Amino acid sequence: MPVPLTIRIQQNDFDVAAEIAALTRGRADIGAVVNFIGICRGSDDGRHVTALTLEHYPGMAEAEIGRHADEACQRWPLAGLTIIHRHGRIEPGENIVLVVTASAHREAAFQAAEFLMDFLKANAPFWKREENAQGSAWVEAHHNDDAAAARWTKP
Amino acid sequence: MKIVYFAWVRERIGKAEETLDPPSAVRTVGDLIGWLAERGEEYAYAFAAPRSIRAAIDRTHVKPETAIAGAREIAFFPPMTGG
């Protein structure tokens with residue numbers, strides 16, 4: 001049976017409890033659910049951040065996340081997977097991204113969630129523009145994001 | 001072929017997409033970057049640091065040496081900063 005998989009790119013916020021409930025309702029085979037929620041911070045490197053605006057590549061964002069979701073399902077015995085990434089203007093304290101992984105046991109759920117976030121940060125076509133008191137500027141990519149994704153690649 | 005731009009690549013070029021027909025000598029993604037960079041000041045500015053440019057063909061990441069033959073949509077954008 002294919003793993004229940006939900007991928008959404010949306011402007012609106014998401015309800016973490018509702019997403020977990022949707023994944024686990026009526027299931028007796030799930031013993032572990034891990035969720036990662038990425039949240040907009042109010043400062044970056046000591047700079048005050050007023051808001052982030054996320055631009056994305058419609059069509060490719062869903063496709064790229066889908067490719068990594070498929071890989072996660074091949075690498076770990078997952079029983080369900082939900083990935084939601086927001087776009088548009090997001091203020092400090094608001095949610096940006098949600099990854100929910102479900103499995104019979106915790107190890108697969110923890111590892112798949114970390115794998116998915118590492119690949120999402122390095123490869124999903126989203127770009128953050130940061131607003132602050134001085135104006136706004138595109139956020140530069142962190143080299144350690146590529147390194148975090150690379151550690152999952154087997155030699 | 002349709003060429004689309006995102007984030008600061010889009011802002012520097014001043015457009016989100018366009019349809020272009022590069023000459024046959026332009027075989028790879030890297031060739032296309034070089035050809036685009038000569039189309040005007042705004043393109044030269046956008047592609048001034050090719051190592052900071054990422055590309056996708058038909059919504060899949062590709063490398064500079066990837067051939068562009070048969071591509072319907074080629075995208076250029078900075079390194080990703082989502083998540």
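Colleague: Before we start, how should I read the numbering and the model?

Modeller: Residues count from 1 along each chain as its sequence is written, while chains are lettered from A and ligands numbered from 1 in the order they are written. The model is predicted, so to speak of local features we need pLDDT of at least 70, and side-chain atom pairs count only at pLDDT 80 or more, whereas totals for chains, interfaces and linings use all residues.

Colleague: Okay, sheets. What is the strand order in the open sheet of chain A?

Modeller: Strands are DSSP runs of E, at least two residues long, and helices are runs of H or I, at least four, both numbered from the N terminus. Two strands pair if DSSP finds at least two bridges between them. Here four strands line up as β1-β6-β8-β2 (chain A), with mixed pairing. At the edges sit β1 (5-10) and β2 (32-39) of chain A, each pairing on one side only.

Colleague: How many bridges join β2(A) to β8(A)?

Modeller: Eight, and the two strands run antiparallel. In that pairing, Gly38(A) stands opposite Val97(A) in β8(A).

Colleague: And which strands pair with β9(A)?

Modeller: β5 (residues 51-56) of chain A is joined to β9 (residues 126-132) by six bridges, antiparallel. β10 (residues 135-138) of chain A is antiparallel to β9(A) too, with four bridges, and a hairpin of two residues links β9(A) to β10(A).

Colleague: Now helices. How do I describe a packed pair?

Modeller: Two packed helices are described by the angle between their axes and the distance between the axes. Axes are lines fitted to C-alpha atoms, for helices over the stretch in contact, with angles from 0 to 180 degrees between N-to-C directions. The axes of α3 (residues 106-123) and α4 (residues 143-150) of chain A come within 8 Å and cross at roughly 135°. That makes α3(A) oblique to α4(A), since under 35 degrees is roughly parallel, over 145 roughly antiparallel, 65 to 115 roughly perpendicular and the rest oblique.

Colleague: Last one: how many residues of chain B are in contact with chain A?

Modeller: Contact means C-beta atoms, placed from the backbone, within 7 Å. By that rule, 14 residues of chain B are in contact with 22 residues of chain A. On chain B's side, α1 (7-13) and β5 (73-77) each supply at least two residues.

Technical notes
Two residues are in contact if their C-beta atoms, placed from the backbone, lie within 7 Å.
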